[in-house]
Amino acid sequence: GTQYFDAVQDKRGIMYLANGGGVFEFDGNTVKYIPVNDAFTLSLAIDTFGIIYVGAKFEFGYLQPDLRGRMQFISLTGYLDEKDKNFGNISNIVSCRDGVYFLSSKFLFRWFENKVAAINSQTSFGQANWLVHNRQFVFQPGLGLTEVQGDILKIAPGGNFFKTMLVMAILEFDGDTLLVGTHKNGLFLYDYNNGSVLPFAN
């Protein structure tokens, strides 16, 4: 069967689905296909203006209606330096007040004010970036939990606790405390202000 990797819904209730071959638009009755430059399509996100962003293999951008109102894919990779174009898969997208961030294992690309900045990892990036309490976090193996501030990466307070682990999920928990899920080390309660980390007794 067909495998869908991501889905978002716009304000009109229309669904957009990424299934490898491109993006499919579904209004409850009709399915429309939106090609993504023949790129293997993996991730989607929607911003507060309702713009839908698309991540794929060696490709990322957004959807925009053409003159007939049909959605089409607009690539942003033309803004990149040639040396930054071999980035592999865009596995996740986060839209926040600092811009739209497209995550690959090598780079975090920031689309902001009609420019794309390529933010390098010192090691590599994990599979996701997370937006919690208007703060964006990303995991760098060997370094730990990192906060994204504009174009800058900073190890979060106490974030190096996680450097030998594999962070899989970050969820809001209580106040400034987040619930951090790891691949093999269990769950932790993490306070991003004072850096305290406690095992979560579930």
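Strand β6 (residues 52–56) is largely enclosed by the rest of the structure, because five of its five residues are buried. The description that follows refers to a predicted model. The burial of β6 extends to both of its faces: Ile52, Val54 and Ala56 are buried on one side, and Tyr53 and Gly55 are buried on the other.

The setting of β6 is an open sheet of four strands, in the order β5-β6-β7-β8, with antiparallel pairing. The edges of this sheet are β5 (41–46) and β8 (71–75); each has a single partner strand, so one side of each is left without a neighbour in the sheet. Neighbouring strands are turned against each other by 30 degrees on average, direction ignored.

The sheet may be followed strand by strand. β5 and β6 run antiparallel and are joined by five bridges, with Ile46 standing opposite Ile52 of β6. These two strands form a hairpin with five residues between them, and in its turn Gly50 has a positive phi of about 90 degrees. From β6 the pairing continues to β7, again in the antiparallel sense, over four bridges; here Tyr53 has Tyr62 in β7 as its bridge partner. The hairpin of β6 and β7 has two residues between the strands, and Phe58 takes a positive phi near 60 degrees in it. Strand β7 (residues 59–65) then pairs with β8 over five bridges, also antiparallel, and Leu63 has Phe73 in β8 as its bridge partner.

Tyr53, Phe58, Phe60, Tyr62, Phe87, Phe102, Phe107 and Phe109 form one aromatic cluster. Ser104 is found in the loop between β10 (99–103) and β11 (107–112). Although it lies in a loop, Ser104 counts as buried because its relative accessibility is 0%. Another interaction with an aromatic ring involves Arg110, whose charged end sits over the ring of Phe112, 4.2 Å from its centre.

Leu145 illustrates the packing: beyond residues up to four places away in sequence, Leu145 touches Phe137, Val138, Phe139, Ile155, Ala156, Gly159, Phe162, Val167, Ile170 and Tyr190.

The strands concerned, β18 and β19, pair in the antiparallel sense over five bridges. Their hairpin has four residues between the strands, and Gly186 takes a positive phi near 85 degrees. β19 is mostly covered, with four of its five residues buried. β19 also pairs with β20, in the antiparallel sense and over three bridges, and Phe188 stands opposite Pro199 in β20. In the hairpin of β19 and β20, which has five residues between the strands, Gly195 takes a positive phi near 80 degrees.

In one of them, the rings of Phe137 and Tyr192 have their centres 6.1 Å apart and their planes at 45 degrees, so the pair is tilted. This pair links distant parts of the chain, 55 residues apart: Phe137 is in strand β14 (residues 135–140), and Tyr192 is in the loop between β19 (187–191) and β20 (197–199). Both partners are buried, Phe137 with a relative accessibility of 0% and Tyr192 with a relative accessible area of 5%.

Phe173 and Phe200 form an edge-to-face pair, 5.7 Å centre to centre and with 75 degrees between the planes. Phe173 lies in strand β17 (residues 167–174) and Phe200 in the segment after β20, so this pair ties together parts that are 27 residues apart in sequence.

Notes. Residues numbered from 1 in each chain as written. Predicted model: local features only at pLDDT ≥ 70, side-chain atom pairs only at ≥ 80, totals over all residues. Heavy atoms only, no water. Phe/Tyr/Trp six-rings, centres within 6.5 Å; stacked < 30°, edge-to-face > 60°. Buried < 20%, exposed > 50% of the residue type's maximum accessible area, 1.4 Å probe, protein only. Lys NZ or Arg CZ within 6 Å of the ring centre and 35° of its normal. Contact = heavy atoms within 4.5 Å. Pairing = 2+ DSSP bridges. Axes fitted to C-alpha atoms, helices over the stretch in contact; angles between N-to-C directions.
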